[in-house]
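Here is a short report on one protein chain.

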Amino acid sequence: MRGWLTLTLGLLAVVIGAVWTVQGLGYVSGSPMTDETLWVVVGPIVAAAGLVALWLGLRSRRRL
């Protein structure tokens, strides 16, 4: 079970970061986040942190 939490949180962060980025760019409407520059910046940062978490989770699982 080692690394599953890190992998799950990393995947969730990548998905949320991608959604925030797309909303910030205005491709998804109906949200207060639509066309807001803040989310165009925050989204990729969250997605990158998720990728790092995925990488760390995969590393910890390979050590077993």
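The report starts with the helix pair and then turns to single residues.

This is a predicted model.

## Two helices

Helix α1 covers residues 4-25, and helix α2 covers residues 37-62. α1 has 22 residues. Its span, first C-alpha to last, is 32 Å, close to the 32 Å expected at 1.5 Å a residue. α2 has 26 residues. It reaches 39 Å between its end C-alpha atoms, close to the expected 38 Å.

How do the two helices cross? Their axes come within 7 Å, at an angle of roughly 160 degrees. An angle over 145 degrees counts as roughly antiparallel, so α1 is roughly antiparallel to α2. The crossing of α1 and α2 is left-handed. The residues of this contact divide into 19 nonpolar, eight polar and one charged.

## Buried faces

Which residues of α1 are buried? They are Leu-7, Gly-10, Ala-13, Gly-17, Thr-21, Gln-23 and Gly-24. What covers them includes α2. In α2, the buried set is Gly-43, Ala-47, Gly-50, Ala-53, Gly-57 and Ser-60. These buried residues of α2 pack against α1.

Val-46 also lies in α2. Its relative accessibility is 22%, so Val-46 counts as partly exposed; buried would need under 20%. Beyond its neighbours within four places in sequence, Val-46 is in contact with Ala-13, Gly-17 and Trp-20. Ala-13 and Gly-17 are among the buried residues of α1.

The segment before α1 holds Gly-3. Gly-3 is buried, at a relative accessible area of 13%. What does Gly-3 touch, not counting residues up to four places away in sequence? Gly-57, Ser-60 and Arg-61. Gly-57 and Ser-60 are among the buried residues of α2.

Gln-23 is found in α1. It is buried, with a relative accessible area of 11%. Not counting residues up to four places away in sequence, Gln-23 touches Val-28, Ser-31, Met-33, Thr-34 and Asp-35.

Val-22 is partly exposed, with a relative accessible area of 31%. Leaving aside neighbours within four places in sequence, Val-22 is in contact with Tyr-27 and Val-28.

Just after α1 comes Gly-26, with a positive phi of about 95 degrees. Asp-35 sits in the loop between α1 and α2. Phi of Asp-35 is positive as well, near 60 degrees, in a residue other than glycine. Most residues other than glycine have a negative phi.

Is Asp-35 buried or exposed? At 56% relative accessibility, Asp-35 counts as exposed. Asp-35 still has contacts along the chain. Leaving aside neighbours within four places in sequence, they are Gln-23, Gly-24, Leu-25 and Gly-26. Gln-23 and Gly-24 are among the buried residues of α1.

## Sequence and space

The table sets separation along the chain beside C-alpha separation for some residue pairs.

| Residue pair | Apart in sequence | C-alpha to C-alpha |
|---|---|---|
| Val-22 and Asp-35 | 13 residues | 9.1 Å |
| Asp-35 and Ala-49 | 14 residues | 23 Å |
| Val-46 and Tyr-27 | 19 residues | 18 Å |
| Gly-3 and Ala-48 | 45 residues | 18 Å |

Asp-35 is 9.1 Å from Val-22, and Asp-35 is 23 Å from Ala-49. Val-46 and Tyr-27 are 18 Å apart across 19 residues of sequence. Gly-3 and Ala-48 are 18 Å apart across 45 residues of sequence.

## In brief

The helices α1 and α2 cross at roughly 160 degrees, with a left-handed crossing. Buried residues of α2 pack against α1, and α2 is part of what covers the buried residues of α1. In the loop between the helices lies Asp-35, exposed at 56% relative accessibility and in contact with residues including Gln-23.

Conventions:
Residues numbered from 1 in each chain as written. Predicted model: local features only at pLDDT ≥ 70, side-chain atom pairs only at ≥ 80, totals over all residues. Heavy atoms only, no water. Axes fitted to C-alpha atoms, helices over the stretch in contact; angles between N-to-C directions. Helix = DSSP H or I, 4+ residues; strand = E, 2+ residues; numbered from the N terminus. Parallel < 35°, antiparallel > 145°, perpendicular 65-115°, else oblique. Left-handed = near helix turned anticlockwise from the far one by under 90°. Nonpolar A, V, L, I, M, F, W, Y, C, P; charged D, E, K, R; others polar. Buried < 20%, exposed > 50% of the residue type's maximum accessible area, 1.4 Å probe, protein only. Contact = heavy atoms within 4.5 Å. Expected span 1.5 Å × (residues − 1).
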